[in-house]
Amino acid sequence: MNDSSWGAPAGTGFGGPDQGPAPAGPAYEGRQAAQTRPMPIASDVPAGDNQDDHDRGAAQPSGPLFRDETPHEHPQEPMSSPSQPAPAPSPRQKPRQKKSAGRDLGAAIGVGVGLGAVIIASLFIWKPAFVGVIAVAVVVGLWELTSRLQERKGIKAPLVPLAVGGAAMVVAGYVRGAEGAWVAMALTALAVLVWRMTEPPEGYLKDVTAGVFAAFYVPFLATFVAMLLTADDGPQRVLTFLVLTVVSDTGAYAVGWRFGKHKLAPRISPGKTREGLVGAVAFAMAAGALCMQFLIDGGTWWQGLLLGLAVAASATLGDLGESMIKRDLGIKDMGTLLPGHGGIMDRLDSLLPTAPVVWLLLVLFVGSG
């Protein structure tokens with residue numbers, strides 16, 4: 001091997017023929033140089049937890065690579081031989097990550113407080129105003145559901161007859177009770193079938209099927225909230241329905257977030273746990289006993305325990321039902337209208353199937369009022 005192979009021209013040093021002997025020292029004598037270990041390049045330095053550890057190892061090769069070596073105390077101590085490689089530095093322990101709620105809790109709380117204020121104000125000031133709130137929520141929920149069906153599945157459920165029929169269904173339930181709700185439901189389904197006839201027949205069956213499903217799932221179930229309002233203590237019944245559903249969801253979240261280990265339905269909703277379900281039942285039963293004892297005319301605490309148990313079950317099934325729909329559509333939320341919550345349908349998921357359960361149990365316990 002000649003000198004030019006190291007990148008230096010012949011006769012310019014490194015023991016070349018035009019100069020005298022190379023200066024003494026271990027860095028220049030061939031025999032001693034063979035006994036020293038070359039400085040490690042970046043790829044020889046063990047990587048740490050991230051790229052910054054790797055970069056620091058490459059940028060500071062003269063640092064304390066050995067446990068028993070301090071650069072300032074032993075500056076002339078030779079490095080270890082290749083047969084005894086330096087032990088890799090112990091990886092830096094990663095800080096324990098805290099559980100995350102998965103949403104913007106500040107925005108979620110703010111939106112929840114705002115919605116609660118609107119609901120309470122309309123509920124106790126003027127009953128028809130609250131019926132209007134239900135109708136608006138129904139129309140927005142139908143818009144979200146039909147939009148996601150068309151975007152993800154190409155299903156064109158007709159929105160116009162659904163929105164008009166849905167609002168009419170809520171009003172009919174408030175004015176005429178269950179009979180009016182069923183009649184409005186039948187007319188809405190008929191309107192969906194006729195409206196879809198104005199377009200080509202391809203996809204007719206899936207479009208009208210989705211339309212009838214949407215009419216039942218959103219406005220018809222919401223009609224039972226309007227029917228709760230018709231009783232003499234209607235505002236108290238609606239408030240009991242809302243409080244128990246919210247408390248059930250809150251109990252499930254709080255207990256599941258803190259103690260949840262066993263999945264409830266991992267294929268449908270991986271975040272839900274059996275411990276969360278226990279929390280939902282406990283919180284709802286406690287709230288039910290209080291509400292039936294102090295809010296509902298003629299109610300007793302033991303009826304509240306049964307009501308809370310039923311609400312926890314229906315709210316959980318309703319949440320899982322919409323999770324099933326969203327998994328089939330391949331989406332996380334039905335919309336983005338409510339910051340921290342998603343869409344209107346993401347808030348109605350547990351309320352809709354709970355409304356007929358609460359209405360029926362209150363009728364059985366204390367009558368229709």
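Author: Gln303, Leu306, Leu307, Ala310, Val311, Ser314, Ala315 and Gly318 of α9 meet Pro353, Thr354, Val357, Val358, Leu361, Leu362, Phe365 and Val366 of α11, where a contact means heavy atoms within 4.5 Å. Helices (H or I, at least four residues) and strands (E, at least two) are DSSP runs, numbered from the N terminus. This is a predicted model, in which local features need pLDDT of at least 70 and side-chain atom pairs count only at pLDDT 80 or more, while totals for chains, interfaces and linings use all residues. Residues are numbered from 1 along each chain as its sequence is written, and side-chain values use heavy atoms, with hydrogens and water left out.

The axes of α9 and helix α11 (residues 351–366) come within 8 Å and cross at roughly 165 degrees. The two helices are therefore roughly antiparallel. Axes here are lines fitted to C-alpha atoms, for helices over the stretch in contact, with angles from 0 to 180 degrees between N-to-C directions. Angles under 35 degrees count as roughly parallel, over 145 as roughly antiparallel, 65 to 115 as roughly perpendicular and the rest as oblique. The crossing of α9 with α11 is right-handed; a crossing is right-handed if the near helix is turned clockwise from the far one by less than a right angle, and left-handed if anticlockwise.

Helix α9 also packs against helix α8 (residues 274–294): their axes come within 6 Å and cross at roughly 140 degrees. That angle makes α8 oblique to α9, and this crossing is right-handed. On the α8 side the residues involved include Leu277, Ala280, Val281 and Ala284, and on the α9 side they include Trp301, Gly304, Leu305 and Gly308. Gln303 and Leu307 of α9 take part in the meeting with α8, and both are also among the residues that meet α11.

Asp319 is buried at 19% relative accessibility; buried means under 20% relative accessible area, exposed over 50% and partly exposed in between (1.4 Å probe, protein chains only).

The structure holds six salt bridges. Among them is that of Glu151 and Arg148, at 3.0 Å, N to O. These residues are separated by about one helical turn because they lie three residues apart in helix α4 (residues 127–153). Glu151 is exposed, at 54% relative accessible area, whereas Arg148 is buried, at 14%. Another salt bridge joins Arg237 and Asp233 at 2.9 Å, N to O, and both of these residues are buried.

Of its 369 residues, 36% count as buried. Residues 24 or more positions apart account for 66% of the contacts with a separation of 6 or more.

Key: A salt bridge is a side-chain nitrogen of Lys or Arg within 4 Å of a carboxyl oxygen of Asp or Glu.
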